Amino acid sequence: MKLSNQVFLAAEDRLGLALGSRLVGEQPALQIWRKDDSGGCVKLKVDVGKYNQMAGIGYPVLLLTDLDRRPCCTDLLNSWLGEGRKPNLNFLLRICVREAEAWLLAHPAPLARLFKLSVSRFPTQPETLADPKAELLKLAAKAPAKIRKALLPAAGSSATIGREYNDVLCPLVRGEWDIEEASRRAPSLQRARSRIRELALRVS
Amino acid sequence: MKIVKLSLKNWRNFKQLEEVPLQERSYVIGANAVGKSNFLDALRFLRDVAAPAGTKPEAGGLQEAIKRREGLAKLRCLNAQKETEVKIEVTVQDGGDVWCYTLGFKGEGKGNNRNVITRESVSKNGNRLLECQRPDAADGTDPDRLTTTYLENPNANKAFRPLAHYFAAITYLHLVPQLLKHADELGGNRLQRDPFGQGFLLRIAETSSRTRDARLRRIQRALDQVVPQFKQLSFEQDPTNGSPHLKANFSHWRESGAWQRESQFSDGTLRLIGLLWSLMEGDSLLLLEEPELSLNLEIVRRLPQLIHLVLKGGKYPDRQVILTTHSEPLLSDLSLGTESIIRLVSTGNGTVIAPANEKEKIMLKSGFSVGQALLPAVGPAGLEQLALAGV
């Protein structure tokens, strides 16, 4: 069976898709043929067996999900795939520790420029944060009004993010955000890059 | 009878569609403005041509059907350049027989630029019916004849009358609940064949009471599952002015519940009643426009099954239904295969059919539904730019 170089990218949200696109984009041997924003992790979990099967047929899948408050990645994999089961070699189920926002915070310069804050105010080890999204929003709260309003939910709302959260952050990921720089402070990002590099080698 | 193939030339968005296979249940999908409704409209056009002549707004015939679509210029594909003929061709399965009907027409190119037939032909089981191959010798001596089709003319369609009746009975439904709820305020101006369900109550009223009660009972049984508080759906005529109404009892804390008329039903309930009634009404081809509108996700998910069960339990279980949809849940039923999906994609040269590609077939093989595999590919690209541009 020939392994396709066409990658299916699935993530919880648009920010996840933007990060995934950068990851795959590093490898010229790979191409993304389809991006699916599942709107949360529930649907990803439901479809995980299908993604695994696709990868088994020779069509690689990169799935990005957040670890959130789970104790460790193994715990998430056991819960999604079944106790002790490993995903197919070409099903890259990569977990952001603890959230995609940690990867974004791992290269703080573009965010600092957007928020008009000093880089020193950003966390140096974002993967150790319990809630990276809350940290990002806390920093965004000090940003100029236009950015603040776009990123933060309205006062009193039970929403977790503002209406233009993804619209503001996704272009940042596609543009100034440096994946090399970020992976120095985000080990889970570094691991994801290695697995994708290995996939590219298998394909070519 | 059912339409098994449709070919279009220069019809609205479609410059050329060759023999699109249609199933007993076909689902037309595609991005906004790609031509889903125009695809259905080709079949509605045949119905309008074949409809019996009569007084407006029900009058049939080629000229009326073109006029109703604001003339040939609005109807012809914008990508049609040199080739001006508009052509519709359908293959119809009728038990063991296969009919093929072709109709081509264009502007005459002189005088009042009348709409004239360029060709009309009928074949049965591969044999051309010689009495209907146009233009014929008589057309040559009298060009005025080319302004009407044999299909619309009972004196000329005897050899293929069953086909003419079949076309004339095609039903289209895009029930707009507000038109029904506010019928009194909006007045009585109704479109031909009532596509938006304004006259839905009249249709119910005109049905014999026995059939009507039986259908309403079946609708009630289906609604029991989805709107459990909705009981005793029945028909009544207003005692003062005779106007037709549906009424139902909404159970609540009072023992007797509350009686409500259709103007108080929810939009979703009304659309569902309209859909169920139409399914039970006749055995002609039924065209449905986005039946998922106003319905909650779980009902939408079960619509294909609901359509199947209602037809299976009725007189015409094999009735053909073609519907347009944007809904992934509606297409999440794993019993739907790619053969039942007609995916339309816009290109620089008109809209074309995009069958499932190799990778999408792998998705289906891996257990994804046709909705998951085929729908997202039709989504609009670059919605993000809207926010950035400050729309």
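These legends walk you through several close-up views of a two-chain model.

The model is predicted, and local features are described here only at pLDDT of at least 70, side-chain atom pairs only at pLDDT 80 or more, while totals for chains, interfaces and linings use all residues. Residues are numbered from 1 along each chain as its sequence is written, and chains are lettered from A and ligands numbered from 1 in the order in which they are written.

**View 1. Chain B as a whole has 14 helices and 15 strands.** Helices (H or I, at least four residues) and strands (E, at least two) are DSSP runs, numbered from the N terminus. Chain B has a radius of gyration of 23 Å, close to the 21 Å that the globule rule gives for 391 residues, so chain B is as compact as a globular protein of that length. That radius is taken over C-alpha atoms, and the rule is 2.2 Å times the number of residues to the power 0.38. Along its principal axes, the C-alpha trace spans about 75 × 55 × 50 Å. Of the 391 residues in chain B, 37% are buried. Here, "buried" means 20 or more other C-beta atoms within 10 Å of a residue's own, "exposed" means 12 or fewer, and "partly exposed" is in between, with C-beta atoms placed from the backbone.

**View 2. Chain B comes in two domains.** Domain 1 covers 1-170 + 320-391, and domain 2 covers 171-283 + 286-319; such bounds come from an automatic or database domain assignment. Their C-alpha centres lie 28 Å apart. Where they touch, domain 1 brings 24 residues and domain 2 brings 21 residues. Being in contact means that the C-beta atoms of two residues, placed from the backbone, lie within 7 Å. On the domain 1 side, helix 1 (36-50) and strand 13 (321-324) of chain B are the elements that give two or more residues.

**View 3. Helix 1 of chain B packs against helix 5 (residues 161-168) of chain B.** The angle is about 115°, and the axes are 7 Å apart. Axes are lines fitted to C-alpha atoms, for helices over the stretch in contact, and angles run from 0 to 180 degrees between N-to-C directions. Look for Leu46(B), Arg47(B) and Ala50(B) in helix 1, which meet Ala164(B), Phe167(B) and Ala168(B) in helix 5. By class, the contact has five nonpolar, no polar and one charged. Ala, Val, Leu, Ile, Met, Phe, Trp, Tyr, Cys and Pro count as nonpolar, Asp, Glu, Lys and Arg as charged, and the others, Gly among them, as polar.

**View 4. Leu286(B) sits in strand 12 (residues 286-289) of chain B.** Leu286(B) is buried, with 22 other C-beta atoms within 10 Å. Leaving aside residues up to four places away in sequence, Leu286(B) touches Thr171(B), Ser278(B), Leu279(B), Arg319(B) and Val321(B). Phe167(B), from the previous view, is 119 residues apart from Leu286(B) along the chain, yet their C-alpha atoms are separated by 11 Å.

**View 5. Chain A also has a domain 1 (6-100 + 186-203) and a domain 2 (102-181).** The centres of these domains, taken over C-alpha atoms, are 23 Å apart. In their contact, 16 residues of domain 1 meet 16 residues of domain 2. Helix 1 (14-25) and helix 11 (187-203) of chain A each supply at least two residues on the domain 1 side, and helix 1 of chain A has the largest share, five residues.
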